[in-house]
Amino acid sequence: MKTRSALALLAAAALTLSACGARQPVSPAASSGAASSAPAASSAPAGPQEGQFVFTRENFPHLDGSTSTVPLGQAIASVLLGESRDEVSDLIQFSKTTRSYRQLMMGSVDLLISAEPAPSIWEEKKAENFEWQMEPFARDALVFVVNKDNPVNSLTTEQIRQIYTGKITNWSQVGGADLPIVAFQRNPEAGSQTAMQKLVMGDLQMMDSPEDYVMGEMGDLVRAVASYNDSADALGYTMYYYANDMKMADGLKILAVDGVQPSVDTIGSGSYPFLNNYYVVTAAQPTEAAQVLFDWILSDEGQKLVAQEGYVPAAPEGGK
């Protein structure tokens with residue numbers, strides 16, 4: 001089978017990009033590694049061997065996913081097409097977590113790199129009798145952020161639950177200043193909201209928040225926490241990769257939870273408490289290109305790229 005023969009050659013891949021001026025499409029076995037805004041000055045990738053799948057702009061799967069996986073989508077397209085990130089930016093227009101799953105079920109996209117879907121998506125999938133392939137490829141963490149001037153450095157799981165159920169309302173109750181806690185939330189269909197309910201709240205009902213405290217965009221939430229009312233009284237949550245690696249946490253402080261500071265090491269070891277997977281998802285019977293890409297992301301070479309882009313691979317050794 002062509003998809004499997006392509007994957008059999010992945011171990012020989014070099015972690016290089018195409019040279020300046022080298023624009024031929026490349027196969028999975030001839031590509032992997034760091035993608036940059038400009039092609040690296042190195043030798044062009046080796047051409048595909050006979051019978052090996054070759055990605056081109058014409059056959060490259062239509063991708064979608066979460067806000068926090070946009071950089072990985074750009075890296076994948078850059079590496080496999082031998083173009084810079086700027087050149088592939090037109091291919092990576094993600095519609096966010098919940099909508100991306102709906103796009104897949106409607107047949108509008110071929111493959112997702114996304115956070116876990118909201119419960120409503122599982123219900124829609126069942127109602128539509130839609131079948132998909134879904135495997136974890138990376139691990140992330142739900143983190144809590146405050147203004148950098150807030151003296152609180154750590155919260156416990158129980159304190160977070162009590163804040164978001166409305167039982168704790170002032171920072172002085174958790175070792176901070178005598179200021180009311182302005183607790184921002186995400187909209188119900190956001191990937192980080194799904195993670196918050198699953199990982200932190202469980203069966204507890206989150207308090208109703210004023211409309212101004214519920215953010216539809218992840219970027220809006222972190223900006224609001226950093227600068228709300230020119231004070232340090234706001235609290236919010238987002239994904240670690242978004243806050244740390246996408247450099248969205250300027251003006252913010254990422255809190256430790258139960259005494260554990262989120263980091264690549266604590267996420268990888270599992271010692272940080274609020275961990276969630278990213279998934280690669282495609283239809284049960286996808287196009288050949290989507291199946292090749294699905295398998296490649298889970299392979300040793302795909303997992304190397306995941307790690308190189310700053311995500312924590314799902315498998316500690318990388319690969320599947």
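A residue counts as buried here when its relative accessible area is under 20%, as exposed when that area is over 50%, and as partly exposed in between, using a 1.4 Å probe and protein chains only. The model is predicted, with local features needing pLDDT of at least 70 and side-chain atom pairs counting only at pLDDT 80 or more, while totals for chains, interfaces and linings use all residues. Residues are numbered from 1 along each chain as its sequence is written, and side-chain values use heavy atoms, leaving out hydrogens and water.

Just past the end of helix 4, Gly-107 has a positive phi of about 85 degrees.

Strand 2 is tucked away too: 5 of its 5 residues are buried, so the rest of the structure largely encloses it. Two strands pair if DSSP finds at least two bridges between them. Strand 2 runs parallel to strand 1, over 3 bridges, and pairs in the antiparallel sense with strand 11, over 5 bridges. Leu-111 takes part in both pairings, as the bridge partner of Leu-63 and of Thr-282 in strand 11.

Next come the nonpolar cores, meaning sets of buried Ala, Val, Leu, Ile, Met, Phe, Trp, Tyr and Cys residues joined through side-chain atoms within 4.5 Å. The largest has 76 residues, and Phe-144 and Tyr-164 touch the most other members. Strand 3 gives this core its largest share, 8 residues. Apart from it lies another core, of 12 residues, including Tyr-101, Val-109, Trp-132 and Met-134.

Finally, helix 11 (residues 288-298) packs against helix 12 (residues 300-308) at an angle of about 65 degrees, their axes 4 Å apart. Axes are lines fitted to C-alpha atoms, for helices over the stretch in contact, and angles run from 0 to 180 degrees between N-to-C directions. The two helices are therefore roughly perpendicular to each other, a label for angles of 65 to 115 degrees (under 35 is roughly parallel, over 145 roughly antiparallel, and the rest oblique). Trp-296, Ile-297 and Leu-298 of helix 11 meet Asp-300, Glu-301, Gly-302, Gln-303 and Leu-305 of helix 12.

Technical notes. Contact = heavy atoms within 4.5 Å.
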